[in-house]
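Take a look at the protein below.

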Amino acid sequence: MRWTHTFVPTLKETPADAEITSHKLLLRAGLVRKLTGGLYTFLPLGLRALRKIEQIVREEMDRAGALEVAMPCLQPPEIWQQSGRYVSAAEVLYHAHDRAQKEWVLGPTHEEVITSLAAAEINSYRQLPKNFYQITVKFRDEIRPRFGLMRAKEFIMKDAYSFDATDEAASASYQKMYDAYTRIFARCGLKTVAVEADTGVIGGKFSHEFMVPAETGENEVVYCESGRYAANIEKATSQGPLVPTPKIPVPATPEKFATPGVATIDALAQPPYGVAPHHQIKTLIFLAESKLVLVLVRGDDQLNEAKLAGLLGTSQFRPAEPEEIFGALGAHPGSLGAVAATLAGPAAALPVYADEALRGAAGMTTGANEDGFHLRHVAIDRDLQVTKWADLRTVQAGELCTATGQPLKIRRAIEVGHVFKLGTKYSEKLRAFFLDEQGRSQPCIMGCYGIGVTRTLQAVIEQCNDKDGILWPPSVAPYTVCVTPLNVAAGSAAMNWAERIYTELTAAGVDVILDDRDERPGFKFKDADLVGFPLRVSIGEKSLAKGEVEIKPRGGSVTPVTAEEAVAKVLALLDPRK
């Protein structure tokens, strides 16, 4: 491709609405342009890089035995109602109506569609296992699209779905996809970390996320240096708080004391009260599917809502409003507690879920369910009736790993892929059953596997850049080599050699762009560095006078070679075996 024949609108200045490095470079390098919030047009070079990522994904999915299909993006709401996600995923669903006012859903994912297909077509264990995948556009009603392609309303995703007859076979399918994802991201030039993850609204037995470490990432990863443990912050566990929970002798009954105007953990920690946060019980009230529940964590801990969702078995919950809380408990936030003696009437029947860090605690302080009063000398086992204990807290840096005993660290990362072992959640609800060897009807055991293709492209840029621009890995660069003649006049020695090198590299199967613009050398070099071509071959009259051209790897130093050797040298530099 000749530069003058394509469209690469590079920018010197960063657009004001670009938020992170990769977003800035996407725009400055002329890869994409924003239509409106969360919607982007891919320009020629951006589309070339995207297609290369798609091809890597396609090759590795085919290698793993998955079968490519193409499913409708327009989906009937009935299958979403059947799965239960018409409600649980309501916040991300786009709805459309046709001329007959029939409702449709724009697909944010395709579990319902593929399971409906399996229900209609798979009826015997002899047809299993099967794994279907597609690379297509998804739609999600993001309330706050940001960071360019990282969180968009419309994006390209690879989603795959496996169907197996046994749990062992399903685990094998899961491992195949896990291994395929490892290869995909390595081939894209990404350094990823696979972490244990929460299954969220998709559900299932367990899952792993593939994370790209990046300070601008929206996710937090908890890990230990040995590499034996890594988990999303929503899933992570530890040996518990570094400061032990109090278990001290207490008087026979809790003591109520006045705390006028005290409504926070920090306020109660100040004089004249001086109750350390880890000596306090934080009482949180949630409305879960129209029912109030009490949730208890230590005063210095933060509730992990993903863990609470797993305990409740639903993501349909929210913090109760002050009036809802007062109507049930007779007090406002800041004076709430779960001591049985203070819960009267219907409140006495409310379920109480407590974090494991509070188990056996004694000498604690909590709200008295009376505005302006608290209780001290509280012993959990004596004074509270806990419905269920669970790990509900968010892990903090420095706590000890349950697997290694090492201090845990936390870093930010970008999620680029997610693999789930779904079990029978969708196959049972959408009637995807098969007859086993004994002729018994069984639900298919499913897995699902997603890669954000457009997000992966931006993650590559976020991880591979310097002060001058993008540092594309050769496997996904829009063009691998930029041939740059410094004199583009027809018939000039520089242009003649540029044409020859361009033609020979193209014939050898290399993606080459010939910068035939009549611009200053420095201007062309800056553009090449900004866009990030892995290799640049510069051809000037002075070098040619010595029989040489210059080869410069992106981010490396210039190497002069003879003009006759240029093509062989480029091919050697691009050979992954060398």
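Buried means under 20% relative accessible area, exposed means over 50%, and partly exposed lies in between (1.4 Å probe, protein chains only). This is a predicted model, in which local features need pLDDT of at least 70, side-chain atom pairs count only at pLDDT 80 or more, and totals for chains, interfaces and linings use all residues. Residues are numbered from 1 along each chain as its sequence is written, and side-chain values use heavy atoms, with hydrogens and water left out.

## Overall layout

The protein has 578 residues, and 51% of them count as buried. Its C-alpha atoms fill a box of roughly 100 × 65 × 50 Å, taken along the principal axes. Its secondary structure comes to 16 helices and 31 strands. Helices (H or I, at least four residues) and strands (E, at least two) are DSSP runs, numbered from the N terminus.

The domain assignment gives domain 1 (28–237 + 410–461), domain 2 (255–390) and domain 3 (470–577). Such bounds come from an automatic or database domain assignment. The C-alpha centres of domain 2 and domain 3 lie 67 Å apart.

Contact means heavy atoms within 4.5 Å. Among contacts between residues at least 6 apart in sequence, 70% join residues at least 24 apart.

## The nonpolar cores

A nonpolar core is a set of buried Ala, Val, Leu, Ile, Met, Phe, Trp, Tyr and Cys residues joined through side-chain atoms within 4.5 Å. Which members of the largest core touch the most other members? They are Leu31, Tyr181, Leu457, Trp472 and Phe533, out of 60 residues. Helix 2 (residues 44–63) gives the most to this core, with seven residues. Domain 1 (28–237 + 410–461) and domain 3 (470–577) both give residues to this core, so it lies between them.

Phe533 has contacts beyond its neighbours within four places in sequence, including Trp3, Leu45, Trp472, Tyr479 and Arg554. A second, separate core has 27 residues, among them Ala331, Val339, Leu358 and Val378.

## Helix 6

Helix 6 (residues 167–187) has 21 residues. It reaches 30 Å from its first C-alpha to its last, close to the 30 Å expected at 1.5 Å a residue. That expected span is 1.5 Å times one less than the number of residues.

Its buried residues are Ala170, Ser173, Tyr174, Met177, Ala180, Tyr181, Ile184 and Phe185. Seen down the axis of helix 6, these buried residues fall within an arc of 125°, so they line one face of the helix. The arc is that of the directions from the helix axis to the C-beta atoms. On the other side of helix 6, Glu168, Lys176 and Ala186 are exposed. Just after helix 6, Gly189 takes a positive phi of about 85°.

## Salt bridges

A salt bridge is a side-chain nitrogen of Lys or Arg within 4 Å of a carboxyl oxygen of Asp or Glu. By this rule the count comes to 38. Here are three of them.

| Pair | Closest N to O |
|---|---|
| Glu60 and Arg63 | 3.3 Å |
| Lys307 and Asp391 | 2.9 Å |

Arg51 and Glu54 are three residues apart in helix 2, about one helical turn. Arg51 is partly exposed at 43% relative accessibility, whereas Glu54 is buried at 7%. Glu60 and Arg63 also lie three residues apart in helix 2. Glu60 is buried, at 4%, whereas Arg63 is exposed, at 57%.

Lys307 lies in helix 8 (residues 305–312) and Asp391 in the loop between strand 20 (388–390) and strand 21 (409–423), so this pair ties together parts that are 84 residues apart in sequence. Lys307 is buried, with a relative accessible area of 11%. Asp391 is partly exposed, at 28%.

Salt bridges that share partners join Glu59, Glu60, Arg63, Arg183 and Arg187 into one network.

## Backbone details

The peptide bond from Leu128 to Pro129 is cis, with omega near 5°. Pro129 lies in the loop between helix 5 (111–121) and strand 7 (130–139). Another cis peptide bond joins Pro271 and Pro272, with omega about 10°.

Asn369 has a positive phi near 60°, in a residue other than glycine. Asn369 is buried, at 7% relative accessibility. His377, in strand 19, has a positive phi near 65°. His377 is partly exposed, at 25%.
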